[in-house]
Amino acid sequence: ERAKMLVTASGDVEGTIGGGCLEAEVYAIARRMLAESGAAGCSLDRFNLTEVEQGLGGHVCGGSVTVLTQALIPDEPTRRMAGELARAIDDRRPAVFVSRLPRDGQSLPAATALMTGAQLYATATVPPSVAAEAARLLRQHSTAPERLTVDDEEWFLEPLLPVPVAIILGAGHCGRAIGELAARVGFRVVMVEEPASAGE
């Protein structure tokens, strides 16, 4: 649920949704969407990871995954939303990201929003009940994503919490190893070590 990948107009990639064939297919969808749309669009695609296609490799992980791909254009609402998200991350404030979900395989204009504090930053109209639910998730510091149907439209609400901090007392070989592991799994690491004595 939390895996994300950013594909730029130049083809650069940040983040990952797991690599392999799945990521390559989503990358192709994103590149096509960026090339074709003068406006922000989105699609919801389901991938079956259990089949090996005619001995060519294919997906062998098992299960299935649904991926929401959205094209964001650098207009003023999107810039405001991105700027507020960057400030929330820097200030370690929680937020809720809101996206309208199209039907599987359907393309729609993208509708995204960000709720921080009592403020909603949106790229398109968001129903008041969706904004109210995002505010509730924010107030309750919820960590679980939620799907909500309003007027035959489905919305995905994803809480974005500050990166957790691991404070490690002692920067010896054990502390360093723990710090490296914590950083690898997404913690911001703070190591505290007693200063050396003046005579040492």
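Reader: Hi! Is His141 buried or exposed?
Author: In this predicted model, His141 is exposed, with a relative accessible area of 54%. The cut-off for exposed is over 50%.

Reader: Thanks! Where does His141 lie?
Author: His141 sits in the loop between α3 (128-139) and β9 (146-150). Its phi is positive, about 50°, although His141 is not a glycine.

Reader: And what about Arg92, what is its phi?
Author: Arg92 has a positive phi of about 60°, and Arg92 is not a glycine either. You'll find Arg92 in the loop between α2 (76-90) and β5 (95-101).

Reader: How does Arg92 count for accessibility?
Author: Arg92 counts as partly exposed because its relative accessibility is 35%.

Reader: Switching to cysteines: how many disulfides turn up?
Author: Zero disulfides, from a search of the whole structure.

Reader: OK, so are Cys21 and Cys42 buried or exposed?
Author: Cys42 is buried, at 1% relative accessibility. Cys21 counts as partly exposed, at 36%.

Reader: Why does Leu169 count as exposed?
Author: Leu169 counts as exposed because its relative accessibility is 71%, and the exposed class begins over 50%.

Key: Residues are numbered from 1 along each chain as its sequence is written. This is a predicted model: local features need pLDDT of at least 70, side-chain atom pairs count only at pLDDT 80 or more; totals for chains, interfaces and linings use all residues. Side-chain values use heavy atoms; hydrogens and water are left out. Buried means under 20% relative accessible area, exposed over 50%, partly exposed in between (1.4 Å probe, protein chains only). A disulfide is a pair of cysteine sulfur atoms within 2.5 Å. Helices (H or I, at least four residues) and strands (E, at least two) are DSSP runs, numbered from the N terminus.
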